[in-house]
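This briefing looks at a few single residues and their surroundings. The points below are grouped by topic.

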Amino acid sequence: MKRDIPLDGVKRTAIVDLLIQRENDIFPVEVKSEANTTSKSLKKFKELFSDRVKLRVQFSPDNLKLDDDVLTGKVHD
């Protein structure tokens, strides 16, 4: 899902790979191919829709971990 979202005061395209909806809650999902799992898009999505985003999900080469409300899980080949 592409959407123009102001990141750091500059209009840029923020990308979330998938949105999951359960009742009124939404779960943005990103897939990362690198170990660097910093995501401005997931952070901004949470800021914009904080009342509906309960958990942000990220798949990456990292092992499974829960950091605040970001669940990161390993993608297997």
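Aspartate 68 is exposed, at 70% relative accessible area (exposed means over 50%, buried under 20% and partly exposed in between, with a 1.4 Å probe and protein chains only). The model is predicted: local features need pLDDT of at least 70, side-chain atom pairs count only at pLDDT 80 or more, and totals for chains, interfaces and linings use all residues. Residues are numbered from 1 along each chain as its sequence is written, and side-chain values use heavy atoms, with hydrogens and water left out.

**Positive phi in loops**

- Most residues other than glycine have a negative phi.
- Aspartate 68, in the loop between β6 (65-67) and β7 (70-74), has a positive phi near 60 degrees.
- Strands are DSSP runs (E, at least two residues), numbered from the N terminus.
- Glutamate 23 also has a positive phi, of about 55 degrees, and is not a glycine.
- The loop that holds glutamate 23 runs between β3 (18-22) and β4 (25-31).
- With a relative accessible area of 66%, glutamate 23 is exposed.

**Arginine 56**

- Arginine 56 belongs to strand β5 (residues 56-60).
- Its relative accessibility is 9%, so arginine 56 counts as buried.
- The arginine 56 side chain makes a polar contact with the side chain of aspartate 69 at 2.5 Å (a pair of N or O atoms within 3.5 Å; within protein, one must be able to donate a hydrogen and the other to accept it, and residues adjacent in sequence count only if both atoms are side-chain atoms).
- The side chain of arginine 56 also reaches the backbone oxygen of leucine 42, at 3.4 Å.
- Beyond neighbours within four places in sequence, arginine 56 has contacts (heavy atoms within 4.5 Å) that include Pro28, Lys43, Lys46, Val70 and Leu71.

Methods: Helices (H or I, at least four residues) and strands (E, at least two) are DSSP runs, numbered from the N terminus.
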